[in-house]
Amino acid sequence: MDNILYEILGGALRVAQQAEVYCITSHETSASFEANRLKSLQSTDSSGAALRIINRGNFGLSSTTNISDVAGLINNAVEVSSFGVKAAFEFPSQQEYPNVDIYDTTAESYPIDDMVNLGQSVIDRVVSSIPDVVCEGTISKSVTTTTIMNSNGLNVSYIKSGFEISMQGTLIQGTDMLFVYDEFSSCKAIKETDGIANNIVEQLHLATTVAPSISGVLPVIFTPSAVANLLISPLVSAFNGKSILDGTSPLGGQLGSQIVDRKFSLWDDPTTPFSTDSGKMDDEGTPSRRNCLINEGVATSFLYDLQTASLAQTKSTGNAGRSLHSLPSPMPRVLLVNHGGTPTNAMVKDIRDGVIVSDVLGADQGNILAGDFSANILLGYRVTNGEVVGRLKDTVVSGNVYQLLHNIVEIGDTSHWSQGSISTPSLYCTGVSISSTA
């Protein structure tokens, strides 16, 4: 593989001033379940390369899954460069990289039969508690190799393993359909699934009774899943260096200012061991590092790749993300919200009349960059006099993330991973708008 990448790089430098090759190869095996039993087993191999050149000051980009087509890859990049974006930097040279644990031999060698048994054990545990539930999900393992070479001498690669379990339980009662979902992913093999099974069972039991509708400005507990899916996205969009440069972020000029409650802190840390988005470098070869975005409520850092950093006259924070078919852009990698000291059940006991939001649908509604959000509550509960009294239907949660995070009452004492790369506790906030659409 290295010989072909060197050939691509050498050929590109005959027609361009600078060049970079970004290559990914992967192998994935998955077991899929449907209607409470194994549906299929599948293994896939994939590979591809992207060539990025700087030609007469402009970027040119092309990609292919046929890496042997060197001439086609180079010609396409040259053609694109004639109307490409103006380059504001030079490709980096070889650098020192942190040691980040992202590969586990056990995950790569995990037997397929054991993957099937792992998934079936979750289903059996859920069905034994709630016989009418229908489960579907996936167990998968993968190994991915990423290599970056460029004309300034950079030649770096890493291998990452991955292991993921996702499961959904569906319960139909007359015309009412209830969906409960949980997932977990890591670079390490997952051998213990009681947490996922128990969470699905608990949520299904809590949701069996439908509670009376409620509307108003209320206290709300956002579970880790809801925090990740509803609140984090509009927040980190504002920390994106491109949004800062474009003047669309509400945080422009706000570094050093308090933007949310002092109880709240947020980091982007791709050096976190065994997180699926961790690694020793970003997708341009910049070394990974821990970046504090919010320190006790104060905005402390924005996220940059090489292009946006150069335009902002600063340095890359190691946050370049990309696909084979796109130029790099600033992206969060592994987001960590600080935990507090309050158990979730203590938060519930504190609420006289309020809501728990566990999962949402349509979280991208609203002016995301301004921090506005509005979403249907896919799974949520009404709390009355410190007790969960049932599931809410036809209900919308809305507000502004900055205002909400100024109204934090408590932060949960334990954090949970969501989407593989967001670790957050529950958040208990006041002044949240809840609307019944029934």
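## Two sides of helix α4

Let's start on the outside of helix α4: the exposed residues D113 and S128 sit on the face turned away from its buried side. Please keep in mind that this is a predicted model.

The buried residues of α4 are M115, V116, L118, G119, V122, I123 and V126. Around the helix axis they take up an arc of only 160 degrees, so they lie on the same side of α4. As for what covers the buried residues of α4, the list includes strands β1 (18-34), β2 (37-55), β4 (134-150) and β5 (155-173), along with helix α5 (194-207).

## Checking the helix length

Helix α4 runs over residues 112-129, and its 18 residues should span 26 Å at 1.5 Å a residue. The C-alpha atoms at its ends are 27 Å apart, which agrees with that expectation.

## S43 on strand β2

One of the strands covering α4 is β2, and S43 lies in β2. S43 counts as partly exposed because its relative accessibility is 45%. Leaving aside residues up to four places away in sequence, S43 touches H27, E28 and T29. S43 and S142 are 99 residues apart in sequence, while their C-alpha atoms are 9.5 Å apart in space.

## A nonpolar patch on the surface

Turning to the surface, you will find a nonpolar patch formed by I172, M177, F179, L361 and L378, with about 450 Å² of accessible area together. Of these, F179 is found in strand β6 (residues 176-186). With a relative accessible area of 33%, F179 is partly exposed.

Definitions and conventions:
Residues are numbered from 1 along each chain as its sequence is written. This is a predicted model: local features need pLDDT of at least 70, side-chain atom pairs count only at pLDDT 80 or more; totals for chains, interfaces and linings use all residues. Side-chain values use heavy atoms; hydrogens and water are left out. Helices (H or I, at least four residues) and strands (E, at least two) are DSSP runs, numbered from the N terminus. The expected span of a helix is 1.5 Å times one less than its number of residues. Buried means under 20% relative accessible area, exposed over 50%, partly exposed in between (1.4 Å probe, protein chains only). The arc is that of the directions from the helix axis to the C-beta atoms. Contact means heavy atoms within 4.5 Å. Patches are made of residues with over 30% relative accessible area and no salt bridge: like charges are joined within 9 Å, nonpolar side chains (Val, Leu, Ile, Met, Phe, Trp, Tyr) within 5 Å. Accessible areas come from the Shrake-Rupley method with a 1.4 Å probe; for residues, only the protein chains shown count as cover. A salt bridge is a side-chain nitrogen of Lys or Arg within 4 Å of a carboxyl oxygen of Asp or Glu.
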